[in-house]
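Here is a short report on helix packing and aromatic contacts. Please keep the model open as you read.

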Amino acid sequence: MKGKPKAVVFYLGIVIFAVGMLLQFLFPEAEGAMQSLPLVLTGFGAGIIGVGVANILRKRNIDSHPEKARQYEIAEKDERNVRLREKAGYATWYVTLFVLAILSMVLVVLNQYLACFLALGALLIHVIGWFVFMYIYSKRF
């Protein structure tokens, strides 16, 4: 882990946060989607800033303590930890699959067709992503 920590995520969060704040001041009496867009961008930007700061602090901590960096790398490559992450990923995949399917059915019953189509689109992307990653990983390993 040589060099300075890359703070691209941090700067991206600052830009999104600033755009959200700017939109709030430029369009204070907006209606509809433009009323909530600045708030969403501000919150999203603040969250990304937090992730960027945590990433920078983690990288600096690892860079300043080589022994911790070595232990971290060993833990990342440990066979047991890799297998645990795989199992957790499989379980999460199935939970997300069933939650999206149930959400789609509930939205159809509630006559919320637009939201249902969005949930079905997310479900389709989820399943297609699984096939794509299976293909990529079958070629890699």
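At what angle do helix H4 and helix H5 pack? The answer is about 160°, with the axes of H4 (residues 79-109) and H5 (residues 113-140) 8 Å apart. H4 is therefore roughly antiparallel to H5 (angles over 145 degrees count as such). Axes are lines fitted to C-alpha atoms over the stretch in contact, and angles run from 0 to 180 degrees between N-to-C directions. Helices are DSSP runs of H or I, at least four residues, numbered from the N terminus.

This is a predicted model: local features need pLDDT of at least 70, side-chain atom pairs need 80 or more, and totals for chains, interfaces and linings use all residues. Residues are numbered from 1 along each chain as its sequence is written, and side-chain values use heavy atoms, without hydrogens and water.

The H4 side of the contact (heavy atoms within 4.5 Å) includes Trp93, Leu97 and Leu100. The H5 side includes Ala119, Leu123 and Trp130.

The structure holds five aromatic pairs (ring centres within 6.5 Å, using the six-membered ring of Trp; planes under 30 degrees apart are stacked, over 60 edge-to-face, the rest tilted). Two of them involve tryptophan 93.

| Pair | Centre to centre | Plane angle | Type |
|---|---|---|---|
| Tryptophan 93 and tyrosine 94 | 5.1 Å | 90° | edge-to-face |
| Tryptophan 93 and tryptophan 130 | 5.4 Å | 40° | tilted |

Tryptophan 93 lies in H4 and tryptophan 130 in H5, so their pair ties together parts 37 residues apart in sequence. Tryptophan 93 is buried at 18% relative accessible area (buried is under 20%, exposed over 50%, partly exposed in between; 1.4 Å probe, protein chains only). Tryptophan 130 is partly exposed at 34%. Trp93, Tyr94, Trp130 and Phe131 form one aromatic cluster.

Notes
Helix = DSSP H or I, 4+ residues; strand = E, 2+ residues; numbered from the N terminus. Parallel < 35°, antiparallel > 145°, perpendicular 65-115°, else oblique.
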